[in-house]
Structure formats: C-alpha cells, structure tokens
Amino acid sequence: MTRDGSDNPAGRAAFLRAEIERHNHAYYVLDAPTIPDAEYDRLFRELQDIEAAHPELSTPDSPTRRVGGAPLPEFRQVAHAVPMLSLNNAFSAEEAAAFDRRCREGLGVEQIDYACEPKFDGLAIGLRYEKGVFVQGATRGDGFTGEDVTQNLRTVRNIPLRLTGSGYPDLLEVRGEVLMLRRDFERLNERQRAAGEKEFANPRNAAAGSLRQLDPKIAAQRPLRFFAYGVADVSTVAPAPSLHSSMMERLAAWGIPVAAERAVVQGAAGLMAYYERIGAARRTLSYDIDGVVYKVNRLADQERLGYVSRAPRFAIAHKFPAEEALTTVEAIEVQVGRTGAITPVARLAPVFVGGVTVTNATLHNEDEVRRKDVRIGDTVIVRRAGDVIPEVVSVVPEKRPILAPEFVMPKKCPVCGSAVEKPEDEAIARCSGGLFCPAQRKQALLHFASRRAMDIEGLGEKLVEQLVDNAVIKTPADLYKLGVLALANLERMAEKSAANLLAAIDKSRHTTLARFIYALGIRNVGEATAKDLARHFGSLDALMAADADQLQLVPDVGPVVAASIARFFAEPHNREVVEQLRAAGVQWEEGAPSAAAHAPLAGKTFVLTGTLPTLTREAAKELIEARGGKVAGSVSKKTHYVVAGAEAGSKLEKAQELGVNILDESQLKELLES
C-alpha cells in the first residue's frame with residue numbers, strides 16, 4: 001500500500017481523514033494553518049467524493065461529519081443552543097446554478113429571492129444578548145461545543161455591550177465573524193517585527209490568535225472587528241421579520257455591525273451578477289473575503305429546506321478562485337530592476353492560483369528569504385491577489401528535502417558583473433553599475449535626459465525604449481555618437497524629428513556641473529544635493545576623488561548619501577562612462593572648491609513669483625544659485641528678496657506685508673551682474 005493510500009479507496013480515505021484532522025488541529029486549535037484554504041478544500045472534497053461513492057467507508061468520526069476543531073481545554077466550554085454549522089461550497093457558476101435549481105425544486109417555485117453577502121475570512125463567533133446586554137460569546141469549536149471567549153470579546157470595540165434602539169428580544173444570539181482589517185493587520189505585524197516576535201501569516205490567523213489569548217489584556221491590544229451574518233436563537237420579536245435581509249437590517253438598527261455590501265437578488269442570474277460585482281471590488285474592501293454567501297431570503301423557506309449532514313440546504317458559499325496554492329521551488333534566481341534593485345525570485349513548478357498559472361514569485365529581498373527560510377526544493381504556499389505580483393507566503397517545513405540548499409545573494413550583478421552592494425541600513429541589495437548595467441539602461445537614459453538633468457528635449461520613454469531595444473545605445477555617452485541614419489530606422493522618427501533631437505543632444509553638451517552630477521543618477525543624490533556638491537568641490541575630479549569623510553563636509557550630506565556617492569565612483573564601469581561623456585564634448589564651467597561661500601549672493605534667500613518677461617523660473621533660479629543665492633518656495637521673515645513678474649499672487653502680498661525687498665526682472669539682472 002502506498003503512503004497516501006492512492007492505490008485503493010479505503011486506504012486513500014483513511015489517509016485523507018488523518019491529513020484533514022491534522023490540518024484541522026493546526027487551523028482551529030493552534031491558529032497556525034499549514035496549507036492554503038484551497039488545498040484543504042481539495043482534500044475535503046476528495047474525501048466527500050470517496051465516501052459518496054463508497055458509503056461503507058464513511059466512519060462516525062470522519063471530518064465530513066464535523067464542523068470545526070475541538071475546543072481548547074484552557075477555555076470553559078459552551079454548548080451551542082443551535083449548532084454552528086458550516087456551509088457547503090460552490091467553486092463554479094455551474095455549481096451555483098445547481099444550488100438555485102435544488103432550492104427551487106425543494107420549494108416548488110419558479111424563482112427565489114436570495115440574500116447575498118461577502119464571505120468573511122475570520123473566526124466564527126456567537127454573541128448572546130439577554131435583555132439587550134451582552135452576556136456571553138463563544139467560538140464555533142466543533143459546531144456543538146465552543147470556547148467561552150466572553151472576556152476577550154468584550155475588548156472588541158465594535159461589539160456593542162448593550163444593544164441600542166428598541167424592540168430587541170429578551171434573548172438574542174447573533175452569529176458572525178471576528179476578523180482584522182488589512183491595515184490593522186499590517187500595523188500589527190510591524191509591531192511584531194519591531195519586538196522581534198513571530199509575524200502572523202494572514203489577517204484570519206491574526207484574528208484567531210488574538211481572540212484566543214488567555215489574557216484579555218493581550219486581546220485588548222489587538223485591533224479586532226466583528227461583523228454579523230445571521231441570528232441563531234431568538235425569543236419572540238414582534239412583529240417577527242419574515243426575511244433574512246430584514247433581520248440583518250434590524251441587527252444594524254440595534255447597533256450590531258453588518259457588512260455594507262449586502263444585497264437581495266433574484267434567481268441564478270442575480271447570484272452570478274452579485275458574485276462578479278463583489279469579486280471585482282474584492283481588493284478595495286478593507287477586510288479579506290474568500291467568496292460570497294447565498295441564502296434563501298424568506299426565513300419560512302429556510303425552515304422548509306432544512307439541513308443535510310453538516311450544512312444547511314438553504315445556503316451555500318461561492319468561493320473565489322484560490323489566492324493561495326501549494327507548489328515547489330525549482331530554483332532561486334535574482335532579477336535586476338530598472339533602478340538596480342536586486343530581487344530574489346523563486347522559479348516554481350507551474351501552479352494555478354488567483355485565476356492564472358504562476359511560474360515565478362517574488363521573494364522581495366535577501367532578509368525576507370532568510371526570515372521565511374525559503375530553500376530550493378521547498379514546498380511553499382504561493383499567494384496571488386488580483387493583479388498583485390505573486391509572492392511566496394511561507395514554507396511547509398515537513399515537506400523539505402534533505403540537504404535543501406540555502407539561497408546565497410550573488411556578489412556580482414548577473415547582468416553586468418558590477419559589484420552588488422547592500423548598505424547596512426537598507427533591505428535592498430543593488431547593482432552599483434548604474435550607468436553601465438543593461439538592466440538599468442532605460443531608466444538611466446531617461447533620467448540623464450530629463451529636464452532638470454541634461455535637458456535633452458524630445459528624448460522620451462518610447463524613443464529610449466527603441467534605442468535600447470535595437471542596441472543603438474548602451475550608455476548615455478552613446479547619445480553623442482548618434483547620427484541621422486541611426487535615428488531614421490526608428491518608428492515614427494521623421495527626418496525633421498531626427499534633426500531636432502540631434503540638435504537638442506548637441507546643445508546639452510554645454511551644461512553645468514550641478515546638472516551633470518544630477519544626471520549621473522547617483523542613488524540618494526537629488527537636484528539640491530547635486531548643487532551642493534558642485535559648489536563645495538568646484539570640479540568633477542575633486543568630487544570623484546573624495547572619500548566618505550570628505551563628502552560629509554558638504555551641507556546636508558550625511559553618511560548614507562556619502563556612501564552612495566563613494567560607491568558610485570568606486571565602480572570602474574561608472575567612471576569609464578563619465579570619461580566617455582567628457583570625451584564626447586560634454587563640458588561645464590568649473591570653479592574653485594567652496595567658491596559659493598564667497599559668492600556675491602551667498603546667504604541670501606530669494607522667492608520667485610509670477611511670470612518674468614524673458615527668464616523662465618528655472619533659468620532665474622539657476623542664475624541666483626550660480627552666484628551663491630538660495631531659492632525658497634515661500635515668503636518669510638528670513639526672505640531677502642522676492643522677484644515678482646506678471647500675475648504675481650499671494651507671495652507678493654506677503655512680501656509687502658513683511659517689508660521684504662521686491663525686485664522685477666531687470667532689477668534682478670542688475671543685482672546678479674553687480
């Protein structure tokens with residue numbers, strides 16, 4: 001007999017019962033699920049199918065006859081007055097239509113109204129109210145006996161301890177789910193990481209673990225929410241509601257939270273329309289759902305349809321395509337992004353998840369690989385939610401092969417061979433060959449040509465893609481070797497357009513040191529820092545020769561920025577491209593080190609407002625900064641001059657109020673020339 005019993009129905013049924021019970025214990029008792037919900041559902045349905053085909057194999061203790069897991073012995077047990085049953089599942093439009101057909105046939109009607117609601121991915125709970133006061137709360141447990149978690153539920157802020165309004169019954173038991181909103185889940189895991197504690201796998205796991213804390217003080221610190229989905233036990237309500245939807249509205253009126261996404265629809269077509277609508281809105285909801293629930297709306301019809309085994313006949317859960325699935329890691333490689341970020345990627349055995357076949361999943365960064373302990377050959381849970389890039393959620397440790405190799409981050413970029421650097425204060429490793437690396441080529445060229453850098457008009461994203469994809473350009477220096485013939489072969493590049501682009505490239509040969517430094521795309525070096533570096537060092541050679549300590553003498557340059565600059569110029573490939581640019585005729589006016597400190601406008605702050613007659617705001621800013629001045633965005637008492645043009649607004653008024661010197665363009669030019 002094989003280990004999984006696949007060679008005969010009896011053996012397979014026994015194996016499945018043992019596996020499902022093991023996963024039930026992990027999910028319901030330990031709050032530490034070991035497989036995705038979709039994999040559990042697959043095992044469960046397989047056992048159901050075997051028992052249906054071979055009734056003699058069904059046993060009294062089969063998981064198909066149970067609802068949840070045994071209650072924890074640490075909590076007092078509570079017997080449910082009305083069993084907390086599970087729902088049968090539908091996984092396709094055909095199965096949803098079959099549910100509608102069974103209900104119509106069972107009631108002998110042509111069309112049925114259904115109450116629809118999201119299927120919360122949380123922990124099932126019953127809340128008991130007596131004379132409007134919350135007196136007890138219990139988990140589902142095994143469906144017949146649950147855990148008394150009343151004290152912990154009192155800490156859930158949106159559960160009313162006393163019902164509001166009027167007309168509520170003397171006895172009311174509300175059924176619903178405790179869950180955690182996505183934003184609260186992320187914040188909780190951030191706190192767990194900061195405290196060096198284990199992170200939760202998902203919001204459902206976090207909610208269950210929080211609610212079943214033995215210390216209510218811990219539960220009180222967790223951001224839990226409750227949403228009701230029905231009523232189980234109720235004394236007479238006058239007048240008694242005849243519809244499930246009316247009962248839900250009544251709960252809301254009494255202050256009990258219910259989902260806003262509820263709806264009443266007609267027939268199978270209405271069910272599918274609701275399914276599609278909620279599925280499309282799924283990623284915008286504040287909480288996780290894994291499907292929708294359909295219920296016959298008339299309560300009298302629910303009674304007529306009744307129950308079968310472990311589930312009601314009048315309701316069904318229509319599941320969305322699984323967002324998590326099991327597969328194996330065949331290899332771990334790295335990808336180099338447009339900005340040089342080195343990202344580990346798991347190459348997977350193909351698996352259908354989130355509606356598509358997935359073969360790759362991101363591992364984010366080296367620290368994440370270590371934290372999750374992902375190795376080649378591992379069986380892993382992969383998640384794909386909507387259009388989100390697939391990721392490896394966790395490893396299934398018991399399925400790990402012997403001697404599974406650990407991932408090692410490469411020391412050299414797999415694309416260009418430059419050194420891979422990972423600063424101590426950053427999680428992302430990066431290729432240091434910014435100007436040279438083919439993976440970063442398009443991003444580097446676009447930045448190099450941007451308006452605040454070399455200002456090459458006409459060199460946009462589509463053109464850069466063509467130049468790189470056709471191997472016309474490899475580094476920014478190659479721009480200055482372009483001719484009309486090379487451009488003429490590109491799409492949508494007429495002769496005049498080519499001539500205009502070549503003229504813009506030629507014009508860019510004459511620039512400023514600050515613009516050139518910024519154009520290099522050094523990590524953490526923005527436009528303002530580039531200007532500070534140009535002023536401080538005066539020449540590119542002095543900047544390239546500076547070490548981290550010397551770089552930190554520049555205003556606003558700290559250890560992180562200094563390290564980025566030093567690493568950039570330490571890479572031979574980058575220095576080579578810089579020299580190629582110089583050889584191509586790219587030039588600027590250089591000055592003495594720290595020349596700005598003695599410039600005529602040193603220490604003076606200007607504010608520009610309105611439209612000047614001949615100078616653009618950017619040109620005026622460059623002229624001021626070239627003479628040591630600083631240009632600010634708002635007027636204050638520390639402002640020395642406001643340069644005002646046509647249609648100057650509130651900044652001019654503020655300057656007049658504060659008595660700040662106001663200049664027009666001609667007066668600014670006089671000041672600059674003096």
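Q: Two strands pair if DSSP finds at least two bridges between them. How many bridges join strand 7 to strand 8?
A: Pairing works through backbone hydrogen bonds, parallel or antiparallel. Here, strand 7 and strand 8 (residues 225-234) run antiparallel and are joined by eight bridges. Arg175 stands opposite Gly230 in strand 8. The model is predicted, so to speak of a local feature takes pLDDT of at least 70 and a side-chain atom pair counts only at pLDDT 80 or more, while totals for chains, interfaces and linings use all residues. Residues are numbered from 1 along each chain as its sequence is written, and side-chain values use heavy atoms, without hydrogens or water.

Q: How are the elements numbered?
A: Helices (H or I, at least four residues) and strands (E, at least two) are DSSP runs, counted from the N terminus.

Q: Which strand is joined to strand 4?
A: Strand 4 (residues 123-130) runs antiparallel to strand 7, with eight bridges between them. Ala124 stands opposite Glu177 in strand 7.

Q: Is strand 7 mostly covered or mostly uncovered?
A: Buried means under 20% relative accessible area, exposed means over 50%, and partly exposed lies in between (1.4 Å probe, protein chains only). Strand 7 (residues 171-179) is mostly covered, with nine of its nine residues buried. Leu171, Glu173, Arg175, Glu177 and Leu179 point one way. Leu172, Val174, Gly176 and Val178 point the other way.

Q: What is the strand order in the open sheet of four strands?
A: The order is 24-23-25-26, with parallel pairing. Strand 24 (630-632) and strand 26 (661-663) are the edges, each pairing on one side only. Angles run from 0 to 180 degrees between N-to-C directions, and axes are lines fitted to C-alpha atoms, for helices over the stretch in contact. Neighbouring strands of this sheet are turned by 35° against each other on average, direction ignored. Strand 23 (residues 605-609) and strand 24 run parallel, joined by three bridges. Phe606 stands opposite Val631 in strand 24.

Q: Which strands does helix 23 touch?
A: Contact means heavy atoms within 4.5 Å. Helix 23 (residues 650-658) packs on the sheet and touches strand 23, strand 25 (641-644) and strand 26. Its direction makes about 135° with that of strand 23. Helix 22 (residues 617-626) lies across strand 23 and strand 24, at about 170° to strand 23.

Q: At what angle do helix 3 and helix 9 pack?
A: Under 35 degrees counts as roughly parallel, over 145 as roughly antiparallel, 65 to 115 as roughly perpendicular, and the rest as oblique. Helix 3 (residues 93-107) and helix 9 (residues 267-281) pack at about 140°, with axes 9 Å apart. Helix 3 is therefore oblique to helix 9.

Q: Which residues of helix 3 meet helix 9?
A: Ala93, Ala96, Ala97, Phe99 and Asp100 meet Gly267, Ala268, Leu271 and Met272 in helix 9. Ala, Val, Leu, Ile, Met, Phe, Trp, Tyr, Cys and Pro count as nonpolar, Asp, Glu, Lys and Arg as charged, and the others, Gly among them, as polar. The contact has seven nonpolar, one polar and one charged residues.

Q: Is Leu672 buried or exposed?
A: Leu672, in helix 24 (residues 665-673), is buried because its relative accessibility is 9%. Leaving aside neighbours within four places in sequence, Leu672 contacts Leu601, Leu623, Ile624 and Arg627.

Q: Is Lys372 buried or exposed?
A: Lys372, in helix 11 (residues 366-372), is buried, with a relative accessible area of 15%. Residues up to four places away in sequence aside, Lys372 touches His364, Glu391, Val392, Val393 and Val395.
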